[in-house]
Amino acid sequence: MRQAIRVSVNGEERSSEVEPRLLLVHYLRETLGLTGTHVGCDTGTCGACTVLVNGEAIKSCMMLALQADGTQVNTVEGLAKGDTYHPMQQAFWDLHGLQCGFCTPGMMMAAIGVLQRNPNPTDEEIREQLEGNLCRCTGYQNIVAAVQSAAKAMRAGSGVATTAPVSSGAAGE
Amino acid sequence: MAVTKLFGASVKRREDPRLITGGGFYTDDVKLPGMLHMAILRSPYAHARITRLDVSKAQAAPGVRAVITGQDLAGKVNAMPCVWLLPDSDLKVPAYPVMATDRVRYTGDAVAAVVADDPALARDAMYLIEADYEPLPVVVDEVEATQPGAPQLHDDVPGNLNYHWKFHNGDVDAAFANAEVVIQQRFIQQRLIPNAMETRGAVAQWNPGADELTVWNTSQNPHIARFVFSVVTGIPENKIRVIARDVGGGFGSKIDFYPGDILTIVAAQRTGHPVKWIEDRSENFVATIHGRAQTHEAELAANRDGTITAVRVKSYANMGAYVTSGPGPGVPTWLFGLIIPGCYTIPNLAVDVFGVFTNTTPTSAYRGAGRPEAAFLIERMVDLLARELNIEPTHLRRKNFIPADAFPYTTAGTLVYDSGNYQATLDKALEVVNYAGLRQQQLQQRQQGRYMGVGISSYVEVCGLGPSKAAGAMGFQGGLWETATVRVLATGKVQVFTGTSPHGQGEETTFAQLVAEDMGMPLDDVDIIHGDTGSISMGWGTYGSRSTAVGATAIKIATQKVMDKAKKLAAHLLEAAPDDIVFDHGRFHVSGSPGKAMTIQDIALHANVAWNLPEGMTPGLEEQHFYDPPNFTFPFGTHICVVEVDAETGELKILRYVAVDDVGVVINPMIVDGQVHGGVAQGIGQALYEHGIYDKDGNLVTGTMMDYAVPNATQIPAIETYRTETPCPHNITGAKGVGETGTIASSQAVVNAVVDALAPFGIKSLDMPLTPERVWRAIQAARAGGSSGQ
């Protein structure tokens, strides 16, 4: 029943035997122990489980681990480089973009996805493109502010390049 | 690093580094050796007899370690206890069994539980359970359930009447008899579903050798969880440890204690393995408490000059199928009724609340809990009166405000408002929005067929729960005091233990600001420890905006005790009289000789090694304080919402949302603003989007996040926050609490704005949520000459 997959997770090659029905989010959380990615709804509505697969923000409760075979996956655990936070993390911290923190990893990954598509978004564009990520604590105001601040930092070139904000190219590091 | 001014500064949160790196530790992150997983089979029927339950196939399924049914629990665990016994209300508490045996009363009642090696196997086996039901008649509406002939939920509760809570003060009948004008209106407080982003769950570990139980739990109040777990399971309280490290939001829904928590404990005892149970979202929708769900018949008596003389309210509160182990009965009664007069000098008040059982998920505290309903009622009624008398709504509010010089003020709700300045927040809000300009603009736009509206909500709430004596008088089965222990280690690092249990409110930061400032220490050297009954002596938890008002006060006093001892030790070591010792920026020195000094860290080392203490001084540098507040706190403010309604489609847009709040002295403005944003978002959610709906058969038709509209980022506007500061006069920080103000203040600001926008149509009232369809229908009805209200 189990099938072999190879996934690059935060730059590290992982080989596992997984059940065909295992969701990517459970693979990350249970098999690899990367519990920073959260399960908020398991119907693809809340976005708490958002990760990057081949650089694109996806909801990892809507993807099987098998489908991630051969891909590069980036999770919240891989955002910081050593002691340096990713600009998105820094902005969420600086501008109080989180309260309980449960939606935060998925929200940041989704926001990184937004900035990859549009490095200079308006507030309205940020709100529209984060529509698939729910937060019950913040009223979104400081999340929008944080994404704007991160966009500015990333355009200015601090941290990681906007084209590959979470370089899974970190593989070689 | 000398600390200058931490108290009052927007210090970045100390919780965040772990939460932004994936290092949070939520209940679902607990992983223990040999841990099993539990799935709970819940009733698909809202009301039915269980005629057959066959678990044999599930028992034989791969990976299954145990199957638990209601029969297994009989005589082994107690029913879930009611923790709020309303006095003088003929309260009836029918048994709320951990698991149904013969009858189910809502879609969500637990019927069986499967424990297996992994969550998927537990789920597979759960579907192999064969359960047959004989459906019974269903009632879901709180008013219908009281009618003769309505289906009966509990044999020992005639008429489904859980309680009749009555609060009458003054001569209400005379006030209505003499009134020059009477306003009557029915309000529906629709059912809301809390939807914290983290669902609920538990991990239980039983150590049979030591008879010790450890439970990781998504709880707002782990110490009360420990008590309830003990009462239900019979495990002595001192053998139970409950841990709530990171909790992914609660909004009241994690105050309650649930059958699923108990089943997890039973499963761990039964299997001898740690057991994890985590709700999926669909389960959360039916198994975790709901909020609001009340119908109010409101009447207001006034004179033609606008003086309000009385308010009379008859309320039907939908309690769901059972009284839960939580604040349920207290929410639509005490927390609603006493604060109905709001900011106004209304001398007479009569409130009758009928708590009603229905075949729905039980209701309990959802952010604001009773107070949003009260603020909505009075602020809508004030606007209706203004319309009736053709008095400008701001003038009418001013006319009836409790004057700033009248505090402390005893209301018709018998609350003693300790302080307030309602005019100041109204003035500020009007100035910020340019109210006069808006009214002019409104007139011009109406001539162009555009419908802009301005909604005002002046509110006061009662929070900082609260004096334990008041808790007892209200029938709450516990105290509402708080503990703090401040411990300075030999290395000069500080541990602060608080009985409050924050879950997103940022108290690891605000409490540390307070202690670091008072001890002259670096912020990073102060750790706030919460959410663990193993290390914290006692606590009543985080709800009712009480953590800062009560918990921080306990901390500040305990800190003061530490500093008093440190000063005595410094005097001894510096060979001076204690009165001659000055403390400044973390250093004790002899008055007039700043060079002769010892740091607080030096003192901590001396206290902990205890080589040279003054006669009679005990070793260590640690103090505890138990604090019971003398009164509640009363934050207040004015929120103004500006909307534009498209009369052709019923769609509306919030153009501006301004919040002017007075939450007393503010420790961290950034965090306070964040609390207001989130609170307002939830109030806007109620006003415009959220609605928990049951069909007539008792199926929750809004049972997923696709069907129940938790607002997303496009649906919440930018919120402009302002403050006035009237310190709380009865605690030493002057803080009042801010967790609920936004929710309490906002729904009626939005609804008042929409009704104001639609005034040209003669529309006076609209039921929430104000969906485009509802607004459009109201406009159509008005255009057709139909009734203006609903």
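Helices (DSSP runs of H or I, at least four residues) and strands (E, at least two) are numbered here from the N terminus. The model is a predicted one, in which local features need pLDDT of at least 70, side-chain atom pairs count only at pLDDT 80 or more, and totals for chains, interfaces and linings use all residues. Residues are numbered from 1 along each chain as its sequence is written, while chains are lettered from A and ligands numbered from 1 in the order in which they are written.

**Chain A as a whole**

Begin by selecting chain A, which has five helices and five strands, arranged along the sequence in the pattern β-β-α-β-β-β-α-α-α-α. With a radius of gyration of 15 Å, close to the 16 Å that the globule rule gives for 173 residues, chain A is as compact as a globular protein of that length; the radius is taken over C-alpha atoms, and the rule is 2.2 Å times the number of residues to the power 0.38. Oriented along the principal axes, the C-alpha atoms of chain A fill a box of roughly 45 × 35 × 25 Å. Colouring by burial, one finds that 61% of the 173 residues of chain A count as buried, a residue being buried if 20 or more other C-beta atoms, placed from the backbone, lie within 10 Å of its own.

**The two domains**

Next, colour domain 1 (3–78) and domain 2 (87–160) of chain A separately; these bounds come from an automatic or database domain assignment. The C-alpha centres of the two domains lie 21 Å apart, and 15 residues of domain 1 are in contact with 14 residues of domain 2, contact meaning that the C-beta atoms of two residues, placed from the backbone, lie within 7 Å. On the domain 1 side, strands S3 (50–53) and S4 (56–59) of chain A are the elements that give two or more residues, and S3(A) gives the most, with three residues.

**Where chain A meets chain B**

Now show both chains: the contact takes 44 residues from chain A and 43 residues from chain B. On the chain A side, H2 (87–94), H3 (104–117), H4 (123–129) and H5 (141–155) each supply at least two residues, and H2(A) gives the most, with four residues.

**Helix H5 of chain A**

Select H5(A) next. Its 15 residues should span 21 Å at 1.5 Å a residue, and its end C-alpha atoms are 21 Å apart, which agrees; the expected span is 1.5 Å times one less than the number of residues. Among the buried residues of H5(A) are A:Ile143, A:Val144, A:Val147 and A:Met154, and what covers the buried residues of this helix includes H2, H3 and H4 of chain A together with helix H18 (669–689) of chain B. Just after H5(A), look at A:Gly157, which takes a positive phi of about 90°.

**The largest nonpolar core**

Which residues touch the most other members of the largest nonpolar core? Of its 314 residues, they are A:Ala111, B:Met38, B:Ala113, B:Val114, B:Leu263, B:Val515 and B:Val754, where a nonpolar core is a set of buried Ala, Val, Leu, Ile, Met, Phe, Trp, Tyr and Cys residues joined through C-beta atoms within 7 Å. Helix H16 (residues 547–573) of chain B gives the largest share of this core, eleven residues, and the core also draws at least three residues from each of domain 1 and domain 2 of chain A. Finish at B:Val114, whose contacts, not counting residues up to four places away in sequence, include B:Met38, B:Ala58, B:Val64 and B:Met126.

Technical notes. A residue is buried if 20 or more other C-beta atoms lie within 10 Å of its own, exposed if 12 or fewer, and partly exposed in between; C-beta atoms are placed from the backbone.
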